[in-house]
Amino acid sequence: MPTPNISAIKHPSMTTTTANISFPNPKPSSFLSSKPNHFPFTLINYQKRPLHITNTLADYPSKPTDPITIPQPFISRFAPDQPRKGADILVEALEREGVTDVFAYPGGASMEIHQALTRSNVIRNVLPRHEQGGVFAAEGYARASGRTGVCIATSGPGATNLVSGLADALLDSIPIVAITGQVPRRMIGTDAFQETPIVEVTRSITKHNYLVLDVEDIPRVVREAFFLANSGRPGPVLIDVPKDVQQQLVVPNWNAPIKLTGYVSRLPKLPEMNHLEQIVRFISESKKPVLYVGGGCLNSSEELRRFVELTGIPVASTLMGLGAYPGSDDLSLQMLGMHGTVYANYAVDSADLLLAFGVRFDDRVTGKIEAFASRSKIVHIDIDPAEIGKNKQPHVSICADVRSALEGINRLLEQGRNLKLDFSEWREELDEQKKMYPLSFKTFGEAIPPQYAIKLLDELTEGKAIISTGVGQHQMWAAQWYKYNRPRQWLTSSGLGAMGFGLPAAVGASVANPDSIVVDIDGDGSFLMNVQELAVLRVENLPIKIMILNNQHLGMVVQWEDRFYKANRAHTYLGNPLKESEIYPNWLKIAEGFDIPAARVTRKSELKEAMQKMLETPGPYLLDVIVPHQEHVLPMIPSGGAFKDVITEGDGRSTY
């Protein structure tokens with residue numbers, strides 16, 4: 001039988017390799033025991049938690065680690081020597097990885113997998129109503145929990161419907177495993193019914209992918225997929241399984257060696273002590289340092305808070321990094337970038353030291369790259385070597401997990417008895433900027449400002465809700481006006497900007513956190529793109545609250561039309577042109593069709609009561625909040641602009 005066709009991995013540090021690593025099972029305590037000195041990392045409780053990797057270099061001081069929990073041996077529902085279908089092996093392999101929830105939509109080429117799922121007592125399938133809803137839900141699950149999200153689709157159009165979600169997960173570094181059915185092996189390449197070469201289609205938007213051509217490879221491939229999705233810079237992995245492989249009978253070998261030695265050897269090591277000492281020296285010499293933190297800091301929130309406590313350095317966050325440091329803290333500058341606060345962008349523009357942790361210098365953050373942090377020494381720490389120096393050349397760079405780097409820096413700071421850091425003058429300067437240029441909005445009679453709606457939601461939920469969004473103006477307002485005080489509280493499509501993300505992501509978040517308040521703040525345009533997922537809310541009785549900021553327009557594009565195209569409307573009105581005085585579509589009737597309670601509010605004075613009812617109603621609820629389409633997201637630095645170009649005034653009621 002041919003070996004699986006494995007695509008190249010995205011980054012230079014992630015190339016396909018062929019050496020063997022032994023994964024004995026079911027005794028996790030003997031994991032990699034055959035070559036104890038060959039791989040400098042430790043794997044912890046791989047059946048129950050995301051794979052966590054830490055280096056163990058003897059000459060590097062380390063704080064005591066959490067005790068290793070030894071999972072119970074996996075108990076299969078099959079006898080050890082009992083042949084079973086490839087689909088049953090696939091489902092059991094997922095169970096062995098600790099998977100309890102999947103988002104799978106059936107079709108002809110994936111029927112065997114769904115039949116196998118009905119035989120599992122461990123895995124629950126939350127049935128999406130569209131494959132894109134399934135992959136976005138898997139992302140929401142991963143973003144909100146830190147665990148790997150899993151989605152399953154059939155071949156052909158089912159598989160291609162996953163593409164946007166895979167691209168989104170790659171750009172935002174989200175660990176998901178997508179499994180697709182494929183036509184039988186003998187039909188591959190014949191243009192068979194519902195055949196698409198999904199491995200080739202997704203080659204550049206996955207961290208890695210597989211076409212499984214031998215049923216005996218399934219245990220190894222699944223284990224590799226979860227390891228790849230979680231280790232290094234996380235990302236999506238796709239497994240394509242032909243239908244005849246799913247039907248093939250075999251006795252699985254759960255001890256099959258994986259083949260990722262080259263990848264493992266390229267995983268970042270612990271940072272060198274002299275680099276950490278140089279960073280501390282830079283901090284001690286600076287007068288105006290600022291932290292620029294991104295999604296790479298979400299798993300090191302505790303260490304980041306300790307670093308800020310030790311140094312007193314103010315924190316500016318990217319869209320992905322919101323929640324890594326408490327947004328309500330005095331040292332938080334909130335979000336920087338195109339729609340960031342004036343004081344966050346001022347801090348970066350004026351700083352003499354930029355500490356860029358877990359970020360990639362995205363164009364929506366930097367604007368004109370030459371002008372970004374032009375007065376600063378730059379320290380860049382990131383786990384992905386491809387990001388170091390890609391857009392902005394740093395003075396000091398460390399390719400490592402941000403957590404390990406922060407742990408090392410914090411120890412040096414704690415031990416530095418003669419180190420006296422005082423940035424009070426710098427903080428006072430930034431406090432003045434906060435007073436001069438606060439986030440603000442105007443009120444016009446009883447019209448509901450969208451910013452006010454989000455601010456009120458923050459107050460009524462005490463800042464504790466998990467928030468998902470679509471993409472557009474409402475997304476930026478949600479980033480500005482809701483204060484995220486913990487990681488994994490903020491779920492949004494940042495890099496790809498995929499409309500339709502909010503509702504299915506909320507589904508995944510609610511499945512992962514059934515006791516949490518989950519609110520989808522959405523726009524009428526974004527919400528319509530995956531409105532079918534309302535069925536999942538009702539059928540699963542998920543207590544998701546939906547707040548639509550309904551302006552009847554494609555708001556962000558309208559804002560750009562106002563600013564840069566003389567307000568010429570080019571297909572951005574989403575209502576019914578024949579009945580402009582009516583709200584279209586009627587979300588209340590749509591919600592009624594899905595058996596979901598809903599209400600509409602048009603007056604500011606009635607919003608608080610309506611929002612309280614939404615939050616107090618058990619189960620799902622939809623609140624249609626009518627807002628003016630003339631509102632603009634401010635501040636705004638035009639694309640390709642610099643801090644000096646920031647716009648702080650105006651809206652669609654003015655002419656430009």
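Predicted model: local features only at pLDDT ≥ 70, side-chain atom pairs only at ≥ 80, totals over all residues.
Domain 2 (273-437) and domain 3 (450-633) both give residues to the lining of the largest cavity, so this cavity lies between them.

**The protein as a whole**

- Of the 656 residues of the protein, 58% count as buried.
- The exposed surface comes to about 26,500 Å², and carbon and sulfur atoms supply 51% of that area.
- Take the contacts between residues at least 6 apart in sequence: 73% of them join residues at least 24 apart.

**The largest cavity**

- Rolling a probe the size of a water molecule over the atoms shows where empty space is left.
- Searching the whole structure turns up four cavities of 30 Å³ or more.
- The largest cavity holds about 110 Å³ of space.
- This largest cavity is lined by 14 residues, and those closest to its centre are L322, Y325, G327, S332 and Q334.
- Two elements, β13 (315-317) and β14 (332-335), each give two or more residues to the lining of the largest cavity.
- Of the elements, β13 gives the most to this lining, with three residues.
- By class, the lining of the largest cavity is made up of eight nonpolar, five polar and one charged residue.

**The second largest cavity**

- About 70 Å³ of space lies in the second largest cavity.
- Its lining includes A93, R96 and E97, together with P219, R220, V222 and R223.
- The lining of the second largest cavity also takes in N253, W254, N255, A256 and I258.
- Helices α1 (86-96) and α7 (218-230) are the elements that give two or more residues to the lining of the second largest cavity.
- The largest share, four residues, comes from α7.
- Sorted by class, the lining of the second largest cavity has six nonpolar, two polar and four charged residues.

**The second largest pocket**

- The second largest pocket has a volume of about 390 Å³.
- Among the 21 residues that line this pocket, S440, F441, L634, T648 and E649 are the closest to its centre.
- Helix α17 (residues 473-481) provides the largest share of the pocket lining, three residues.
- Domain 2 (273-437) and domain 3 (450-633) each supply at least three residues to the lining of the second largest pocket.
- The lining of this pocket divides into 10 nonpolar, seven polar and four charged residues.

**A buried helix**

- In helix α18 (residues 502-512), 11 of the 11 residues are buried, so the helix is largely enclosed by the rest of the structure.
- The buried residues of α18 include four alanines, A505, A506, A509 and A512.
- Also buried in α18 are G502, L503, P504, V507, G508, S510 and V511.

**Cis peptide bonds**

- The peptide bond from Y584 to P585 is cis, with omega near -5°.
- P585 sits in the loop between α21 (555-564) and α22 (587-593).
- A cis peptide bond also runs from L634 to P635, with omega near 0°.
- P635 belongs to the segment after β23 (621-626).

- Q552 has a positive phi of about 65°, although Q552 is not a glycine.
- The loop between β21 (544-550) and α21 is where Q552 is found.
- Is Q552 buried or exposed? With a relative accessibility of 9%, Q552 counts as buried, because the cut-off for buried is under 20%.
- D595 has a positive phi of about 60° and is likewise not a glycine.
- D595 lies in the loop between α22 and β22 (598-601).
- Is D595 buried or exposed? D595 has a relative accessibility of 53% and therefore counts as exposed, the cut-off for exposed being over 50%.

Note on methods:
Residues numbered from 1 in each chain as written. Heavy atoms only, no water. 1 Å grid on protein atoms, 1.4 Å probe; cavity = no way out; pocket = protein on both sides within 12 Å on 5 of 7 lines; lining within 4 Å. Points joined across faces, edges and corners; volume = space filled by probe spheres on them. Nonpolar A, V, L, I, M, F, W, Y, C, P; charged D, E, K, R; others polar. Domains from an automatic or database assignment. Buried < 20%, exposed > 50% of the residue type's maximum accessible area, 1.4 Å probe, protein only. Contact = heavy atoms within 4.5 Å. Areas by Shrake-Rupley, 256 points an atom, 1.4 Å probe, with all protein chains shown as cover.
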